[in-house]
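Try each task before reading its solution.

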Amino acid sequence: MTHEAQIYDLETYQPANCVGQLMYRVRAAQMNALDQALAQDADLAALEISAAQYVIISVLARRGVDSAVQLCKDLSYDPGAMTRMIDRLEAKGLIQRHRCPEDRRLVNLELTAAGLAALPKLRACSVRVLNHFLRGFSQAEARQLESFMVRMLENT
């Protein structure tokens, strides 16, 4: 922490309206909306995928993360909850575990053919939800909001 100008001060600080709380509320609302959209989508409802499970599938699809440990770090999930979500996704045939050949202690994760096949429809559903949340924003405003959030992450 540096001695730069402070955004909040103790006299005017309103926790319910601070950036952190607002981001949390937006994220919770977005995940709830995605849960509903996934459950109502004719092509996806049968998979019974939650928004949290979609996030795991999406991160695995990026190919930079391939273990439960990395997923927990990237997503700030509890390891026990992560194991249960991975178990459910594996039971649905969307992801698979396999031992790392170089280090048998490590278990890697990857999307199955079914997981890869479901990914475009899952992403389309997520995009619909995000676009709903960004109604009234211009593309420039959305990019600016993203850049502000990236700057906050860079400050960590």
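**Exercise 1. Find how the residues of the lining of the largest pocket divide into nonpolar, polar and charged.**

Step 1. Set the classes: Ala, Val, Leu, Ile, Met, Phe, Trp, Tyr, Cys and Pro count as nonpolar, Asp, Glu, Lys and Arg as charged, and the others, Gly among them, as polar.

Step 2. Sort the lining: 23 residues are nonpolar, 7 polar and 6 charged.

Step 3. Recall what a pocket is here: on a 1 Å grid over the protein atoms alone, an open set of points where a 1.4 Å probe fits, with protein on both sides within 12 Å along at least five of seven lines; lining residues have an atom within 4 Å of a point. This is a predicted model, in which local features need pLDDT of at least 70 and side-chain atom pairs count only at pLDDT 80 or more, while totals for chains, interfaces and linings use all residues. Residues are numbered from 1 along each chain as its sequence is written, and side-chain values use heavy atoms, with hydrogens and water left out.

Step 4. Of the 36 lining residues, the closest to the pocket's centre are Val26, Arg27, Gln30, Leu130 and Met149.

Step 5. Look for the main contributor: α6 (139-154) gives the most to the lining, with 10 residues. Helices are DSSP runs of H or I with at least four residues, strands are runs of E with at least two, and both are numbered from the N terminus.

**Exercise 2. Decide why α2 counts as largely enclosed by the rest of the structure.**

Step 1. Apply the cut-offs: buried means under 20% relative accessible area, exposed over 50%, partly exposed in between (1.4 Å probe, protein chains only).

Step 2. Count: 10 of the 11 residues of α2 are buried, so the helix is largely enclosed.

Step 3. Beyond four places in sequence, Gln53 touches Glu48, Met85, Arg88, Leu89 and Lys92 (contact means heavy atoms within 4.5 Å).

**Exercise 3. Count the disulfides.**

Step 1. Use the rule: a pair of cysteine sulfur atoms within 2.5 Å.

Step 2. Apply it: the count comes to 0 disulfides.

Step 3. Check burial: Cys18 is buried at 9% relative accessible area, and Cys125 is buried at 0%.
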